[in-house]
Amino acid sequence: MDFNDTPEEAAYRAKVKAWLAENAPKNRANGDPEAAEGMAASKAWQAKKASAGYAAITWPTEWGGGGGKTWQSMIFGQEESKAAPGLSGPFAIGLGMCIPTVMTAGNDADKARFVGPAVKGEEIWCQLFSEPSGGSDAAAARTLAVKTGDEWTINGQKVWTSGAHYSDFGLLLARTDRDVPKHKGLTMFWIDMHDPAVEVRPIHQMSGGSNFNEVYFTDLKVKDSQRVGAVGDGWKVAIVTLMNERLSVGGGASGSNTGQVMKLAQDISTLAGPAAKDAGLREKIADWFVQAEGLKYTTYRTMTALSRGQTPGPENSIAKIVAANVMQDMASSAMELEDQFGILVGANAPLAGAFQNALMGAPGLRIAGGTDEILRNIIAERVLGLPQDIRLDKDVAFKDIPTGR
Amino acid sequence: MDFDFSDDQKSLKGEALRFLEAKCPVSVVRGVLDDPAKRYDEGLWKAVGEQGWLGATIPEEHGGLGLGGIDLCVIAEALGRSLAPIPFASTVYFVAEALMLAGSDAQKAKWLPKIAAGETIGCFATVERPGVLTEAQVQASIQDGKLTGTKMVVTDGDIADLAVVLAKDGGRTSLYLVELGGGGVARETLETLDPTRNVAKLTFIGAAAELLGDAGEGMALTEAVLDRAAVYLAFEQVGGADRCLEMAKSYALERYAFGRVIGSYQAIKHKLADCYIKTELARSNAYYGAWALGEGGTDLKIAAASARVAATEAFWFAAKESLQTHGGMGYTWDVDCHLYYRRAQQLGLVAGGAKAWKERLVSQLERRNAA
């Protein structure tokens with residue numbers, strides 16, 4: 001057991017650091033993909049990474065990757081997040097989920113067409129799975145694709161689509177057969193997000209931001225060659241996408257802002273004296289710290305398994321539940337400490353409103369990418385081996401499944 | 001980055017689990033629970049001694065195996081899982097560690113081989129009053145090399161041969177070695193929540209005592225011992241929590257209510273998922289603690305406190321919710337849930353409760369932030 005890099009890891013890290021020092025933009029516009037200059041900076045950075053083999057480190061070189069190992073990818077990620085934070089964000093869904101799916105289930109022409117430009121950051125992808133009728137239950141998708149000759153006509157709506165407004169292509173899960181049970185009547189397609197039959201509308205989040213979209217399809221025409229996998233195999237293909245999502249390790253679980261709470265407590269009093277000496281607060285700080293540290297070391301365990309060429313265990317499945325709940329609890333407690341000032345946001349609030357921002361972001365984190373409840377089900381079923389929930393829609397033709405409103 | 005046990009350590013763990021499955025079935029634990037005259041299982045103690053585990057971290061020159069703290073963690077996890085009713089923690093995590101931290105060459109040479117051979121049982125006698133251990137509560141005192149005073153809640157105090165005792169000589173608080181077979185020592189068994197572990201009150205009236213470590217360093221040494229013990233105990237707690245979750249899971253898969261197994265209800269599934277989450281967080285913190293055993297310093301203080309807090313929470317949650325999952329059967333003497341329910345409290349308090357450790361953790365964080 002050793003926290004330090006092995007000589008091989010250290011050498012790689014040194015090489016990466018030197019490259020980043022040389023190449024990371026010095027005075028870049030922030031990596032905000034919503035701003036034109038931010039997106040331009042992101043694309044330029046991605047191209048630079050691709051030319052050096054750092055854009056998709058674990059992918060074979062013939063696909064434009066680096067032909068490297070997972071541990072190298074993780075070390076690069078750690079160093080990149082310090083040297084060029086946020087710049088790679090717009091490509092995460094494409095390279096992490098959509099393109100691996102195309103590589104697994106797509107035809108040769110699509111692989112040849114899409115992999116290279118995605119690696120180089122020339123084309124951005126989004127994932128079109130969730131629908132108003134199916135958030136946790138993604139296989140309940142209703143967006144309908146009807147085949148006429150060599151062409152499919154798609155009508156329906158997707159929701160919670162990150163980055164749809166700046167994406168060039170999307171991976172779309174559509175219903176192609178309403179007469180079979182829900183998992184069997186789905187088919188995957190890729191679509192051109194610039195097609196006029198695709199309309200993207202931003203969702204106004206409770207936090208004020210707009211990171212997600214609704215996407216509407218009105219008589220969108222798609223060639224049969226845009227099918228990814230066989231007709232009716234859409235759910236199997238979707239599982240490939242979601243498995244790739246689970247393999248993305250390392251992010252998300254930081255959240256150890258106990259230092260920030262401790263800083264806040266230094267300038268605040270309670271009725272019993274300085275907040276920094278408040279026993280109740282100190283106990284909570286310890287609880288948060290221990291959970292955040294536990295997540296950090298859990299990630300290290302996963303990284304170790306990957307470094308040793310093993311398949312990581314299920315331990316990383318706990319990260320988001322813990323991180324999101326600690327974030328929410330910490331924000332609420334810190335605001336309680338601020339007392340009436342806790343009501344404020346922005347510059348007048350202590351620490352420029354950091355805890356208020358966290359409070360408003362936390363509900364999203366507890367829901368996105370699998371709600372707390374779905375994740376607990378996943379742990380119970382896939383890790384502990386408890387039975388699946390009873391499903392009333394299992395052997396019923398999709399068109400006969402009760403839908404409520 | 002290598003944040004896992006080595007292959008050797010994993011095979012040691014496998015060996016320890018198999019050994020304890022064979023030598024410490026729950027009947028052995030119940031043998032001590034149900035017989036008030038039995039204060040530990042002597043057969044198991046002997047067998048564990050023969051395995052060399054008592055001297056796992058004791059240097060070879062003193063008759064031990066000379067392994068690292070991490071290796072002992074692996075053994076601790078197996079012991080916690082099996083609820084081993086033996087004075088292992090007192091002897092190995094507390095007394096042997098105290099001797100290795102602070103003992104003179106002569107003291108080490110005298111005692112470590114005996115501990116490694118299973119000839120000497122140790123106990124760590126510090127507290128005198130309810131509440132967290134503070135220097136102010138220490139009344140036991142030394143005069144002319146003789147110890148007088150009373151120590152309460154001394155785990156394994158009844159069966160120990162050697163005590164490490166916190167006492168004052170004038171204004172200075174120090175640790176002392178006291179041979180309990182000598183004169184001036186009275187022992188009284190105390191009833192406890194977890195009768196599978198012995199606890200006694202030790203009364204010293206002019207008992208011969210020998211300084212352990214530097215005079216005046218008693219509190220610092222006690223904390224140093226507690227830091228190391230906390231890591232080992234965290235592994236015992238994780239082992240116990242694992243077992244509780246397994247028991248709950250297996251019961252939830254076989255018990256039917258309303259026409260289906262109770263493990264198919266989300267109320268049970270989510271509770272057990274939470275149990276898994278807490279146990280994994282505890283395991284990861286304990287791993288960090290195991291690594292920090294070799295580092296010492298601030299790293300160890302923070303890691304030990306984190307491991308202690310996380311593991312205490314995890315084992316307690318697993319023990320109480322595993323019992324709850326078993327329903328009415330879980331509340332009976334015959335089902336094993338209460339053995340873990342008891343041990344979770346015993347382990348959660350024996351090196352000081354989580355509340356105090358949280359305070360120690362935050363103080364260390366403040367110190368680190370200021371540095």
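1. On conventions, residues are numbered from 1 along each chain as its sequence is written, while chains are lettered from A and ligands numbered from 1 in the order in which they are written. Because the model is predicted, local features need pLDDT of at least 70 and side-chain atom pairs count only at pLDDT 80 or more, whereas totals for chains, interfaces and linings use all residues.

2. The contact between the chains takes 38 residues from chain A and 39 residues from chain B, two residues being in contact if their C-beta atoms, placed from the backbone, lie within 7 Å. On the side of chain B that touches chain A, two or more residues come from each of α7 (218-254), α8 (266-292), α9 (297-325) and α11 (354-370), and α8(B) gives the most, with 16 residues. Helices here are DSSP runs (H or I, at least four residues) and strands likewise (E, at least two), numbered from the N terminus. That side of chain B divides into 22 nonpolar, eight polar and nine charged residues, where Ala, Val, Leu, Ile, Met, Phe, Trp, Tyr, Cys and Pro count as nonpolar, Asp, Glu, Lys and Arg as charged, and the others, Gly among them, as polar.

3. Across the contact, the axes of α8 (residues 279-307) of chain A and α8(B) come within 8 Å and cross at roughly 75°, which makes the two helices roughly perpendicular. Axes are lines fitted to C-alpha atoms, for helices over the stretch in contact, with angles from 0 to 180 degrees between N-to-C directions; angles under 35 degrees count as roughly parallel, over 145 as roughly antiparallel, 65 to 115 as roughly perpendicular and the rest as oblique. Residues making this contact include A:Tyr297 and A:Arg301 of α8(A), and B:Tyr287 and B:Tyr288 of α8(B).

4. Within chain A, the axes of α4 (residues 92-105) and α5 (residues 108-119) come within 10 Å and cross at roughly 165°, so α4(A) and α5(A) are roughly antiparallel. Their contact has eight nonpolar, one polar and two charged residues.

5. Two residues of chain B other than glycine deserve a look for their positive phi, namely B:Leu83, near 55°, and B:Val153, near 45°. B:Leu83 lies in the loop between α4 (69-82) and α5 (88-102) of chain B and counts as buried, with 27 C-beta neighbours inside 10 Å. B:Val153 is found in strand β3 (residues 146-155) of chain B and, with 19 such neighbours, counts as partly exposed. A residue is buried if 20 or more other C-beta atoms, placed from the backbone, lie within 10 Å of its own, exposed if 12 or fewer, and partly exposed in between.
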